Amino acid sequence: MRFKAIESVQERFGQVQGLPSNGKSTTKLSEYFGSYVFNQQSMREYLSEDSFKAVMQAINKGRKIDRNLADQIASGMKAWALSKGATHYTHWFQPLTGATAEKHDAFYEPRADGLVIENFDGGQLVQQEPDASSFPSGGIRNTFEARGYTAWDPTSHAFVVNFKGGGGTLCIPTVFVSYTGEALDYKTPLLKALDILDKAATGVCNYFDRSVTSVTATLGVEQEYFLVDEAMFYARPDLVLTGRTLFGHRPAKGQQLDDHYFGSIPERAFEFMQDFEKE
């Protein structure tokens, strides 16, 4: 299997990905970066002044959003998503499975006359009720008590994912909790930890500067990663089953790879990096 994997790797060549088209011969990164994200720029364009302020206060100060304003925000978000080719929406969350989860619904609702209408209101934006019985819960409840809720997290921007065959999905980042309030995802504990850290750090800062009102914690992206060809990956049962190396010989040169540290980037690796950055 390994020899066939090596043969397959040798036959692979990098694929150059073109830049997103905007009607120009050249495109700057700044012209398409975040173009499918409902960020502040998109909010200013599609939301009213009151709706925009409500979202920003929810993000920066944790304030609740009024239901009437939630309807306005949902309407603006829907209009933006439709302009990006979205036909469905989903509450996007991170359950305890180690992967993301999505429950898709269409923007379109049937009418009495047999036609359809695009509909998406504040209730659909703020909360959904997916079946929680199929997700890990640590045994905190019985199966017949498995109702769960997803709730919109405005601190993470919504985004649209389009598909090659046409159509797209508006992904709304949410938290996932049980009907009794226990966290069933990885994001809820993170948000709670950030809130506690904000209060504790702000208290410390106030000893030196009374004007400090909040502290925002940030986390940098890991700067090192390993690229493994798909054929080589599937030739390693340990990588497939556990996602990490469990057996194998130590390389003759050691794992530091200091012989080509800061060296030139192989063509396939460079094209992967370009494709990733464009995406």
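## The second largest pocket

On a 1 Å grid over the protein atoms alone, a pocket is an open set of points where a 1.4 Å probe fits, with protein on both sides within 12 Å along at least five of seven lines. Its volume is the space filled by probe spheres set on the points, which are joined across faces, edges and corners. In this predicted model, local features need pLDDT of at least 70 and side-chain atom pairs count only at pLDDT 80 or more, while totals for linings use all residues. Residues are numbered from 1 along each chain, and side-chain values use heavy atoms, without hydrogens or water.

The second largest pocket holds about 1400 Å³ of space. Of its 35 lining residues (an atom within 4 Å of a point), Ile 59, Asp 153, Thr 155, Leu 191 and Leu 194 are the closest to the centre. Helix H7 gives the largest share of this lining, with seven residues.

## Around His 91

Let's turn to a histidine. His 91 sits in strand S1, residues 88-93 (strands are DSSP runs of E, at least two residues; helices are runs of H or I, at least four). His 91 counts as buried because its relative accessible area is 2%, and buried means under 20% with a 1.4 Å probe, protein chains only.

The His 91 side chain reaches the backbone oxygen of Gln 124 at 3.1 Å.

Key:
Buried < 20%, exposed > 50% of the residue type's maximum accessible area, 1.4 Å probe, protein only. Polar contact = N/O pair within 3.5 Å; in protein donor to acceptor, adjacent residues only side chain to side chain.
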